[in-house]
Amino acid sequence: MTTKTGDQESPQASSSQGDQLSVKRAPPPETPAALQTRFRVIAAFWAVIIFLGFPIWWKTTSIYRASLPIEEMVDWADGKACRPVFPLDIHLATPSMQSFEAQHLLRTTQHTLDDLNEFAAHHLRLKLTNGTTTAVHNGEDNLEYPAKETADTALTVRLLPQDGLASPWSELHAAATQLDIFYPPSQVPVPSSSNSPLSTFIAAELQQLYGEEKATIAHILSGNTAGLDSTSPQLAEDIDRRLRRSMKYAETYHLSFSLFTPGSEPSSWDIEAAVKEYVSPLLQALSPISNFTVDTQVQLYANFAPTAPKPEYDESEAAWTLKKEGLSAFVNAAEWPLNPSIGNGPTINFILYVPDPSQSPLIVKENRASSWIVPQWGGVFLLNPPLSNTGEQSAPSNPSHLSLDSLGPAFMTFSHQLLTLLGTPSTPASLPLRLQTSIRIRAASLLLSASSTMGSLARLTKSLPSIPIPATVATSVSTTLSHLSASCVHLREGRFGAALASARVAETEAERSFFEKSMVGQVYFPDEHKVAVYLPLLGPIGVPLVVGLLKELKRIAARRKANGAAS
Amino acid sequence: MGTSWNQQPNPHPVMAVDRRKIAVFGAAFVLRLLLTCLFPSLPDLLTGRVEVSTPVNSFKRLQEGLFLYTRNVSPYDGGVFHQAPLLLPLFALLPDAKSWPLPTAIFYFLVDLMNAYALMTISASGQSVKSRLHSAVRKHVRWDGVSVAAWFLFNPLTIATCLARSTSVFTTSGILFAISNAVGGNSINAMLALGFASYLSLYPALLFIPLVLLCYDRRLEGPSPPSAGSFIIQHAILLLASVAGLLGLSCLITGNFWEFISATYGFHLLVPDLTPNVGLWWYFFIEMFDSFREFFLGVFWLHLASYVGGLTARFRSQPLFVITSLLGVFAVFKPYPSISDASLFFALLPLYRHLFPLMRYTFFAGSAILYSSLLGPAFYHLWIYAGSGNANFFYAITLVWSLGLSILLADTIFAALRDEWEQEHPEQVGTEVRQV
């Protein structure tokens with residue numbers, strides 16, 4: 001860059017040549033014309049700098065920072081903006097009771113429930129219905145969640161009198177959100193009494209039904225540290241274990257079903273029918289929570305990893321066995337083509353392994369199980385199909401085709417594994433109830449996650465004043481905040497499906513705003529580095545310009561002074 | 001060198017069709033023709049050299065644009081072609097350069113000869129030694145037009161540019177004809193020619209101020225001088241109108257106005273292609289942090305433009321010299337320089353033969369330029385083909401090249417200042433300069 005300064009100095013240096021001549025004689029004085037020319041040259045350079053240089057500098061180095069509602073974001077992160085509550089509407093159907101009896105039963109049961117409840121955010125609200133037939137439909141409706149104004153019905157409790165009972169008993173429908181309670185007619189509470197065995201029984205049943213959900217939500221809301229005081233250590237550990245095993249929440253999951261076999265057979269399976277039969281209904285039910293895509297593959301000649309422990313023959317079991325501690329090495333991650341992710345979002349792998357006929361049947365040594373879950377990754381099922389003997393001399397072989405019937409147990413297992421991997425609670429027994437619980441748990445965790453992302457973004461923008469904040473981030477933040485508050489309102493009013501839908505949008509937008517690429521470009525660029533950027537080029541150019549300007553100013557000041565003294 | 005060529009300018013240009021002129025032009029033509037015919041691979045070799053062909057003047061890229069254009073596809077599709085669209089119909093008239101290289105080559109030879117003729121006109125006007133406000137001390141020390149043309153035509157840089165069929169020669173034509181019309185007093189044609197050059201390459205627009213001052217000085221020598229303000233404004237409007245007319249024609253050709261503006265002038269201004277060349281920009285912008293890229297683009301362009309005001313103010317009495325030195329500045333500091341820019345600067349330098357005795361570092365500058373033009377291709381080969389060097393090898397050589405040009409430029413400016421000084425202080429002629 002020395003060349004540049006040379007060029008620039010030349011007009012100035014040479015314009016001041018008046019002082020440069022002659023060793024002995026004093027240089028002749030500069031003519032006024034020369035002085036004026038020098039002034040013009042300096043002015044020309046400085047005019048370019050001031051009228052073009054500074055605007056360009058200002059325009060190209062200023063950082064656009066869209067204004068973010070920092071206060072509001074921090075409030076969300078601190079939990080000040082919203083206290084998530086989970087009021088569950090439970091309908092009490094009393095077809096064979098008098099209205100006042102039912103009212104009384106409702107009051108006493110609600111009273112008992114409130115007494116039992118120690119976690120205020122999650123409470124059960126009993127309501128009377130007079131319909132007896134709507135209950136079965138509710139189970140279906142609840143999973144679709146139209147945008148209705150009323151709260152979702154979590155459960156319908158039907159009270160049915162039954163003669164000849166000593167104490168009430170209950171039956172939970174496995175495929176509907178309905179609990180039937182059979183009670184001896186004598187136990188209908190009389191209005192005078194403040195308590196009755198029936199209401200106590202109902203309250204206890206409900207409490208037990210929602211015990212795990214309550215503990216899970218308390219666990220999530222308290223920030224994964226401590227649950228409720230009353231939660232048994234066993235339950236707390238279960239919840240913790242389940243949360244650790246389940247996948248991180250994603251908008252889309254890719255399900256990958258793979259058939260692996262070490263030989264050449266079986267080479268086909270009724271996968272389409274199996275997925276349709278066993279997986280699709282479940283995915284349909286899970287659609288409010290996430291989107292799913294399904295991929296399948298068949299891999300023949302799939303060998304174990306060389307380092308994996310080989311199956312051993314167990315005489316007592318008459319089967320080949322895998323040791324429990326060796327299961328982690330079962331999946332040959334290096335050679336089996338199991339993509340870590342297909343497109344955007346995590347992949348859940350389900351592996352159906354058909355052992356070689358020489359090693360069939362294959363089971364797990366310790367518990368004779370044929371399937372296991374790989375936490376946060378997927379599930380494995382060992383399928384031992386009946387071997388066929390084609391000839392007398394030849395060894396028995398696997399069937400070349402796996403029919404839908406033979407795939408049944410495997411896919412039942414896979415659907416259970418899918419629920420577990422998605423973090424669905426293990427109780428109660430009713431699947432619709434578990435899915436509902438799952439929706440509430442997801443809504444709670446997404447609400448918290450999006451809120452804390454907002455808080456992180458707010459802290460980031462405050463602590464790094466030099467990063468740019470594009471307008472898209474501001475848009476995302478405002479979308480997130482509006483969906484967060486919508487979600488909070490939906491929760492408060494008991495519309496959990498709508499709450500989850502809002503929370504999903506909030507989470508997606510929050511992630512998008514936090515991981516905006518253009519924001520992080522200058523994160524590691526402190527202000528001191530700017531000196532190193534500007535100085536090497538602008539220094540050599542600037543020094544002669546500044547010195548020229550100073551000299552000129554000095555000359556003008558001196559002339560002013562001289563003029564003042566003369567007059 | 002060649003003081004024997006010192007002659008008075010021929011007072012009758014019509015009679016300039018003398019034997020020397022025919023010999024020089026003919027020899028230049030025959031030399032180019034021989035080089036093309038004896039070494040048929042030479043033009044293509046030169047076309048591929050980064051020193052000759054830049055993204056904005058490469059003949060290869062022009063061929064690509066031409067291919068798309070003749071097939072009715074937008075020539076800017078594909079992001080290879082970045083030259084003005086009016087070149088396309090012109091080259092579409094010529095036979096295909098791949099199968100019939102000679103017609104295109106001869107067309108380029110003729111453009112070179114025309115450029116030399118324009119130089120002769122400039123030389124004949126004598127504006128370099130004696131203008132309205134200035135008269136050189138050593139005006140007798142000068143070369144005639146034929147010698148100046150010979151310097152241009154036999155300059156290896158000019159020959160290489162011509163053989164490589166770089167489209168810079170048209171920009172050179174525009175600039176040279178603008179100057180020759182300006183010194184001839186034909187200010188309207190000068191503005192049209194400058195408009196053509198600016199339309200092709202954008203940067204010649206910076207020559208407007210010195211050129212219009214040159215026209216103005218010539219006009220003042222004649223009868224009925226106009227006022228400076230209205231003269232400048234009229235000519236600025238003329239320049240803008242000529243550029244606008246050419247842009248309108250281009251729009252008719254390409255159809256999509258913004259596409260061609262962003263592919264040509266946007267490409268000149270934003271410098272997205274960092275292919276190595278003999279300039280200083282490519283390496284700097286490879287190294288630059290992305291967030292400062294726009295700022296330094298502004299700095300580099302302003303740096304280029306800032307010389308216009310300073311030099312014009314200092315050499316108000318010699319606008320032609322301002323143009324010459326600005327062309328030298330462009331050869332060093334413009335975004336996609338090639339040796340054709342240096343050859344244009346070298347073409348105008350012999351007009352200032354009278355300054356040569358005042359220059360102090362000619363040996364050093366000449367050595368630096370020779371050294372870099374010999375080592376540049378070698379280091380480029382080491383970097384790209386042999387793989388035993390890296391980008392710094394070539395960049396160091398381009399720095400030396402720019403250093404040589406800058407020294408030559410600074411020395412010329414020094415000599416011009418010294419000349420002015422001696423004119424003002426005749427008693428000081430011959431005294432030593434001393435730095436204080």
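The model is predicted, so local features are described here at pLDDT of at least 70 and side-chain atom pairs at pLDDT 80 or more, while totals for chains, interfaces and linings use all residues. Residues are numbered from 1 along each chain as its sequence is written, and chains are lettered from A, with ligands numbered from 1, in the order in which they are written.

In chain A, 3 strands make up an open sheet with mixed pairing, in the order S9-S10-S12. Strands here are DSSP runs of E with at least two residues, and helices are runs of H or I with at least four, both numbered from the N terminus; two strands pair if DSSP finds at least two bridges between them. Strand S9 (312–314) and strand S12 (362–364) of chain A each have a single partner strand, so one side of each is left without a neighbour in the sheet. S9(A) pairs with strand S10 (residues 319–322) of chain A in the antiparallel sense over 3 bridges. Glu312(A) has Thr321(A) in S10(A) as its bridge partner.

The backbone also holds some welcome points of interest. A cis peptide bond, with omega about 0°, links Glu265(A) and Pro266(A). Pro266(A) sits in the loop between strand S6 (252–260) and strand S7 (268–269) of chain A.

Arg368(A), although not a glycine, has a positive phi of about 60°, and belongs to the loop between S12 and strand S13 (371–374) of chain A. Arg368(A) is exposed, with 12 other C-beta atoms within 10 Å. A residue counts as exposed if 12 or fewer other C-beta atoms, placed from the backbone, lie within 10 Å of its own, as buried if 20 or more do, and as partly exposed in between. In chain B, Arg165(B) has a positive phi near 55° and is buried, with 27 other C-beta atoms within 10 Å.
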